[in-house]
Amino acid sequence: MAGFLPITLLLFSACGFFAPVFAHLAGFTSTVKPSVVSGEDLTTKRFFFARVSNATEVPTTEFTTSYRKSTAETTTKRLTGKEGRKHVREVLEMEKEEGPLELECPPLGLESLRVKDTQLSASSYKRRGLGPHRGRLNIQSGIEDGDIYDGAWCAQYKDKSQWLEVDAQKLTRFIGVILQGRNSIWSWDMVHTYKVQFSNDTLRWKPCMNGSKEAIFEGNQDTETPVLALFDTPTVARYIRINPQTWYQNGTEGDICLRAEVLGCTLPDPSNVYTWQTEPTESKDKLDFRHHNYKEMRKLMKSVHDKCPDITRIYSIGKSYKDLKLYVMEISDNPGKHELGEPEFRYVAGMHGNEVLGRELLLNLMQYMCQEYKRGNQRIVHLVKETRIHLLPSMNPDGYEMASEKGSELAGWALGRYSYEGIDMNHNFADLNSVMWTAIELETDQSKLINHYFPIPEQYTSEEAFVAPETRAVISWMQNIPFVLGANLHGGELVITYPYDMTRDWAPREHTPTPDEAFFRWLAAAYASTNQVMSNSDRRPCHNKDFLRYNNIINGADWHNVPGSMNDFSYLHTNCFEVTMELSCDKFPHASELPIEWENNRESLLVYVEQVHRGIKGVIRDKDTKAGIADAIIKVEDIDHHIRSVADGDYWRLLNPGEYHVTVSAEGYFPSSRTCDVLYDHFPTICDFNLTKIPRQRVKGIMANGGKLPKDHQLRLRQLRMRKLRITTKAVNRRRAAAAAKLVKQV
């Protein structure tokens, strides 16, 4: 996907337009003459739509736009030296606090699918895959030319009479339009200029006027950058049309194609006496439903801890490239301590910084659990007492800050996805799949093959390895806490994917199951079947694949090949089972949509945490001393994937209901086996093991005959590689800190 994309904001006067204005602070350009501060040009980087009390009903010809200028733009005097640098810092800090563009009215919901296909119509379209239902902001195309799921509305004819129409279904106060070009790997199509018309009945249309002429608005200069047009005066109507006037043409090639979002406030309908039939827009839970930047996220987490200090703890697992801490909220009845027999669970969000719904859902979840625990909600009380829950709401805070500066509709599809260094962290974990499959191909003696706790490859542990500091931090976190179950929250689709994420032969897609395929499907179905949107059989596909055919769950590699994913690394390197949750069609939902998104996901989030109590658990002890045995291997017959006991000898093996023959072995002990039955109950079966040490005389006999005691070389290599990764991570962090200190000193 594309990397850093600038976002254009157009200002209009009387439906005319000025040149595009953007901030240069993130590599943007500007045609507006900036003020000069300390020898450097600083232009405003965000505009705020002022509230207008007079809304014009159709017909109308008047539009106005107002915005709040930043201090940087209004400052005209030249400041130099220390005074100038101080002023620049104050300006940047103030602008950072202001946040992104604040629009008076939210999007109607073309991108989020709140606007149904039946509400979109067009003058013509080339084929079904380019119909009006595909004219949605950020919609993604298929990978084949002529795919039925293409990435835009494209008119059949190439003339100025073509239009895309949106029926808001109610009288709506329209304030603006956002436009994109066509998403396609085969075609380059976009609308350069367009007109806008409004109607209450689709029979009489009133155009936006610029004096005595119809206003023409500037559209796109590339296919991906969202371009926002704010109308001068809000216009009340039911229907709105976007009418392209010029478009990209390459000889005889080049179609009229666009993706759009419409901004507008739905007005109350006095004739609607059945208010209970309207779609809910609020949540019954009193939570902080808004987007939180880094400072606001930290403040919210602290407020939750202050309200529930006995069951919460905030800690950091490391820092991002730009030195933002990766904060985790722990929720447990004994925060800060691993309790014998109590499973550890984690949710991770924001790996891709522009996929923000997961971040807000985890912030909602920590608030909700605190509130409900204090109210005595027995379901939450049980979870808190029986589970140690860890919530990492922002794995990629640098990427989030980039996306959030543009805001919900203007961040585009890719801005903020990657780390500050340009790393996609979902491809940044060590590729242990290839290590495993190579060993299978080369090893003739199947009994020597390992199937768990794979060591990190040597080259991955070096200082020069292209490993993000955020990835290194998460790997250390995985090592320090014996997680049993987790999930990685993403956005841009509605589906739950489970390992393996990587295909064996690097095919673009191929079903590639783990030995625990059945339980992973159980996990994925537990979330998807309780999610209010995924479980809706009438919903339409988000982009280019219909996951309803798969009951909204799919093997990750059967969707697309992802080498170096966190899910696969977690399964092959640790005891933790993990899935990916794609939670919304819209990567960056508008703040107004957050309450209903919480309602859609609240039950699913809780149900999934409860799955950590499926299967068997127990403690492996020395039969004589009763001391717990760490690193004992737990083998389940007919499932070729083992796990290990942790420091105190306790273990958790996630399994579906059924009867299992389990064998436990440890270095220096005789193996022990027993049958364990897993029921459908919401608690695990207890299967403890007491191991007998191999007698000293037996050891001496083995050694005298030239034999060797079996040693866990795999575990030792794994521990050595992890130690090296930690050492190199510290060295990388020291270099970065020294470079940052040097830069500060120079400034």
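Let me begin with a term: a residue is called buried when its relative accessible area is under 20%, exposed when that area is over 50%, and partly exposed in between, computed with a 1.4 Å probe on protein chains only. What we have here is a predicted model, in which local features need pLDDT of at least 70 and side-chain atom pairs count only at pLDDT 80 or more, while totals for chains, interfaces and linings use all residues. Residues are numbered from 1 along each chain as its sequence is written, and side-chain values use heavy atoms, with hydrogens and water left out.

I will start with the disulfides. A disulfide is a covalent bond between the sulfur atoms of two cysteines, and here it is taken as a pair of cysteine sulfur atoms within 2.5 Å. Searching the whole structure gives five disulfides, and I will go through some of them. Helices and strands in what follows are DSSP runs, numbered from the N terminus, with helices being H or I of at least four residues and strands E of at least two.

One of these bonds links Cys-154 and Cys-257, with an S to S distance of 1.9 Å. Because Cys-154 sits in strand S6 (residues 153-154) and Cys-257 in strand S14 (residues 257-266), this pair ties together parts that are 103 residues apart in sequence. The torsion about the S-S bond is about 115°, so this disulfide is right-handed. Is Cys-154 buried or exposed? Its relative accessibility is 0%, so Cys-154 counts as buried, and Cys-257, also given as 0%, is buried.

Another disulfide joins Cys-308 to Cys-370, at 1.9 Å from S to S. With 85° about the S-S bond, the link of Cys-308 and Cys-370 is right-handed, and both Cys-308 and Cys-370 are buried.

A further bond is that of Cys-542 with Cys-585, again with 1.9 Å from S to S. Its torsion is about -65°, so this disulfide is left-handed. Cys-542 is buried at 3% relative accessibility, and Cys-585 is buried at 5%.

Let me turn to the sheet. Two strands are said to pair if DSSP finds at least two bridges between them. An open sheet of eight strands runs in the order S15-S16-S18-S17-S19-S22-S20-S21, with mixed pairing, and its edge strands, S15 and S21, each pair on one side only. Within this sheet, S20 and S22 pair in the antiparallel sense over five bridges, and Leu-494 stands opposite Leu-583 in S22.

Finally, the helices H9 and H12. Their axes come within 8 Å and cross at roughly 150°, where axes are lines fitted to C-alpha atoms, for helices over the stretch in contact, and angles run from 0 to 180 degrees between N-to-C directions. H9 and H12 are therefore roughly antiparallel to each other, given that angles under 35 degrees count as roughly parallel, over 145 as roughly antiparallel, 65 to 115 as roughly perpendicular and the rest as oblique. Contact means heavy atoms within 4.5 Å, and here it is made by Leu-523, Ala-526 and Tyr-527 of H9 with Asn-601, Ser-604, Leu-605, Val-607 and Tyr-608 of H12.

Leaving aside residues up to four places away in sequence, Asp-516 touches Tyr-571, Phe-577, Ile-639, His-641, Arg-653 and Leu-654.
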